[in-house]
Amino acid sequence: MKLNIVCIPGDGIGPEIVREAKKVLEAVAKKYGHEMQFTDILMGGASIDVHGVPLTEEAIATAKAADAVLMGSIGGDTNTSPWYKLEPSLRPEAGLLKIRKALNLFANLRPALLYPELAGACPLKEEISQKGFDMLIMRELTGGLYFGERKTIEENGMLKAIDTLTYTEEEIRRIAIKGFDIARKRRQKVTSVDKANVLDSSRLWRKVVNEVAKDYPDVTVEHMLVDNCAMQLVKDPAQFDVILTENMFGDILSDEASMVTGSIGMLASASLNDTKFGLYEPSHGSAPDIAGKDIANPIATILSAAMMLKYTFDLDEEATAIENAVKSVLKKGYRTIDIMSEGCNQVGCTQMGDLLVEEI
């Protein structure tokens, strides 16, 4: 198979971690008989420096012509970088919002996996962390409260702020279908999270999810109120497989889930549209303070590349090869500085990529 991938190295540690992800993908291609075609585009501060804007129309067109996009990280130090003296629409992060909208990336996938070798970094009680967990939060990304009408008015001499939470039946249906499709690739369980005891939008959410569930008799579905879900994430995270939820709830819950893993440097993510197309990126930022020092952890980006193989190209075996390589390297005691613990071997960004290639 020929895989046409656009890469966005971005800023800070972005070029370093994307370089290692490419190296691992090329190893997979060699082993399984695929052809990788990589095309780099500029976004974020790197684009501002060259073009004066965080993302050009030409870059968007190149991304649209690809099968998938693999991104490193964008942005810099908000206190010292000249990029943040520009108006907000010209700052690095505006490029990310622009590409999400241009590519119609409505489904955000955030896995949260606790590796046994990193259980000591988990902030939860030992009896909880020892059970381990492997969940994926499916967050609706382009609707809800964040995209509804908002305004601040003066009423009876007082300021009044209004934010509108709106979802259409179709917006809910398409994210639910994505959630159930991905649950079929995992452990066949969906936990749909809402606030149906209070919100009309949540009652519609639950109704549509139940309708979609009828087409997936092999997938177990349960409904959970968002406040209870937040509690269960720290009480018994092992119970979850796919958590399906709307934009604001997903924003909050995915951050909570990321912290109980113990290291954000291990967390991949994906944003998908209504085809197989997706943008894949690590959950962490650009870490400008360690850029160019060859100490960044490339694993989150490499695991994002594994998600790309699985969800865009349906190459499950190849994706599993990367995931197993990560597990093996961790089991052998190799660590980058962010996940370093006593008795382990500290390696840099490049060496971690080399070790994963050897495993593959």
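Predicted model: local features only at pLDDT ≥ 70, side-chain atom pairs only at ≥ 80, totals over all residues.
Me: In which loop is Gln 188 found?
Reply: Gln 188 has a positive phi of about 60 degrees, although it is not a glycine. At 30% relative accessibility, Gln 188 counts as partly exposed. As for its place, Gln 188 is found in the loop between α6 (169-184) and β8 (189-194).

Me: And what is the phi of Ala 287, which is not a glycine?
Reply: Let's start with where to look: Ala 287 is in the loop between β12 (278-282) and α10. With a relative accessibility of 24%, Ala 287 counts as partly exposed. Its phi is positive, at about 40 degrees.

Me: How are α10 and α11 oriented to each other, roughly parallel or roughly antiparallel?
Reply: Two packed helices are described by the angle between their axes and the distance between the axes. Here, helix α10 (residues 299-311) and helix α11 (residues 316-331) have axes 7 Å apart and pack at an angle of about 155 degrees. Angles over 145 degrees count as roughly antiparallel. The two helices, α10 and α11, are therefore roughly antiparallel.

Me: By class, which residues make up the contact of α10 with α11?
Reply: The crossing of these two helices, α10 and α11, is left-handed. On the α10 side, the contact is made by Ile 299, Ile 302, Leu 303, Ala 306, Leu 309 and Lys 310. From α11 come Asp 316, Glu 318, Ala 319, Ile 322, Glu 323, Val 326 and Leu 330. Sorted by class, the contact of α10 with α11 has nine nonpolar, no polar and four charged residues.

Me: Is Thr 301 buried or exposed?
Reply: Thr 301 has its place in helix α10. Leaving aside neighbours within four places in sequence, Thr 301 is in contact with Ile 17, Val 18, Ala 21, Leu 70, Met 71, Pro 282 and His 284. Buried means under 20% relative accessible area. Thr 301 is at 0% relative accessibility, so it counts as buried.

Me: Which backbone oxygen does the side chain of Lys 23 reach?
Reply: Lys 23 lies in helix α1 (residues 14-32), and with a relative accessible area of 23% Lys 23 is partly exposed. Beyond its neighbours within four places in sequence, Lys 23 is in contact with Thr 350, Gly 353, Asp 354 and Val 357. At 3.4 Å, the side chain of Lys 23 reaches the backbone oxygen of Thr 350.

Me: How far apart in space are Lys 23 and Ile 13, C-alpha to C-alpha?
Reply: Along the chain, Lys 23 and Ile 13 are ten residues apart. Their separation in space, C-alpha to C-alpha, is 16 Å.

Me: Which backbone nitrogen does the side chain of Glu 246 reach at 2.6 Å?
Reply: Glu 246 lies in the loop between β10 (242-245) and α9 (247-260). One backbone nitrogen, that of Met 248, lies 3.1 Å from a polar atom of the Glu 246 side chain. At 2.6 Å, the side chain of Glu 246 reaches the backbone nitrogen of Phe 249.

Me: What does Glu 246 count as at 5% relative accessibility?
Reply: Leaving aside neighbours within four places in sequence, Glu 246 is in contact with Arg 139, Glu 140, Leu 165, Tyr 167 and Trp 205. The cut-off to remember is that buried means under 20% relative accessible area. At 5% relative accessibility, Glu 246 therefore counts as buried.

Key: Residues numbered from 1 in each chain as written. Heavy atoms only, no water. Axes fitted to C-alpha atoms, helices over the stretch in contact; angles between N-to-C directions. Helix = DSSP H or I, 4+ residues; strand = E, 2+ residues; numbered from the N terminus. Parallel < 35°, antiparallel > 145°, perpendicular 65-115°, else oblique. Left-handed = near helix turned anticlockwise from the far one by under 90°. Contact = heavy atoms within 4.5 Å. Nonpolar A, V, L, I, M, F, W, Y, C, P; charged D, E, K, R; others polar. Buried < 20%, exposed > 50% of the residue type's maximum accessible area, 1.4 Å probe, protein only. Polar contact = N/O pair within 3.5 Å; in protein donor to acceptor, adjacent residues only side chain to side chain.
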